[in-house]
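Keep the viewer open as you read.

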Amino acid sequence: MTFDYSRLRGKIVERFGSITNFCKTAGTNNSYLCQKLKTGNPFNTDTAFKMSEILGITGEIEQYFFCADCSKK
């Protein structure tokens, strides 16, 4: 199963201006994150929670990290 990360990408750009800036803050490898966003492969739970904390996402984490087809919501 692949996931739709369009909301996550939007939130990253909204809060940090770019994926690169977010990766610097989060201590995440830029190539790793770009590949995940591009392919829709799942993040592990620890990574999803860490990223959601940094992005200020509360209570709606599934819409950003675990949505297979968010375009219909």
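In which helix is Phe16 found? Phe16 is found in helix 1, where helices are DSSP runs of H or I of at least four residues, numbered from the N terminus. Before going further, a note on what you are looking at: this is a predicted model, in which local features need pLDDT of at least 70 and side-chain atom pairs count only at pLDDT 80 or more, while totals for chains, interfaces and linings use all residues. Residues are numbered from 1 along each chain as its sequence is written, and side-chain values use heavy atoms, with hydrogens and water left out.

Back to Phe16. Leaving out residues up to four places away in sequence, Phe16 touches Asn21, Phe22, Thr25, Ile54 and Leu55, a contact being heavy atoms within 4.5 Å. Its C-alpha atom and that of Asn44, 28 residues apart along the chain, are separated by 22 Å.

Phe16 belongs to a set of buried residues in helix 1, together with Leu8, Lys11 and Ile12; here buried means under 20% relative accessible area, exposed means over 50%, and partly exposed is in between, with a 1.4 Å probe and protein chains only.

Lys11 counts as buried because its relative accessibility is 15%. Apart from neighbours within four places in sequence, Lys11 is in contact with Leu55, Ile57 and Tyr64. Gly10, also in helix 1, is partly exposed, with a relative accessible area of 36%. Helix 1 is followed by Gly17, which has a positive phi, near 85°.

Now for the way the helices pack. Two packed helices are described by the angle between their axes and the distance between the axes. Axes are lines fitted to C-alpha atoms, for helices over the stretch in contact, and the angles run from 0 to 180 degrees between N-to-C directions. Angles under 35 degrees count as roughly parallel, over 145 as roughly antiparallel, 65 to 115 as roughly perpendicular and the rest as oblique.

Start with helix 1 and helix 2: their axes come within 8 Å and cross at roughly 80°. That makes helix 1 roughly perpendicular to helix 2. Arg9, Ile12 and Phe16 of helix 1 meet Ile19, Asn21, Phe22 and Thr25 of helix 2.

Helix 1 also packs with helix 4, at an angle of about 40° and with the axes 10 Å apart. The two are therefore oblique to each other. Helix 1 passes helix 4 in a left-handed crossing; a crossing is left-handed if the near helix is turned anticlockwise from the far one by less than a right angle, and right-handed if clockwise. From helix 1, Leu8, Lys11, Ile12, Arg15 and Phe16 meet Met51, Ile54 and Leu55 in helix 4.

Between helix 2 and helix 3, the axes come within 9 Å and cross at roughly 125°, and this crossing is right-handed. Ile19, Thr20, Phe22 and Cys23 of helix 2 make the contact with Asn30, Leu33, Cys34 and Leu37 of helix 3.

How is helix 3 itself arranged? Within helix 3 (residues 30-39), Leu33, Lys36 and Leu37 are buried. They cover an arc of only 95° around the axis, which puts them on the same side of helix 3. On the other side of helix 3, Ser31 and Lys38 are exposed. The cover over the buried residues of helix 3 includes helix 1 (6-16), helix 2 (19-26) and helix 4 (45-55). Just after helix 3, Gly40 takes a positive phi of about 75°.

Our last stop is Phe43, in the loop between helix 3 and helix 4. Phe43 is buried, with a relative accessible area of 4%. Not counting residues up to four places away in sequence, Phe43 touches Tyr5, Leu8, Tyr32, Leu33, Lys36, Ala48, Met51, Phe65 and Phe66. The C-alpha atoms of Phe43 and Phe3 are separated by 9.4 Å, although the two are 40 residues apart along the chain.

Definitions and conventions:
The arc is that of the directions from the helix axis to the C-beta atoms.
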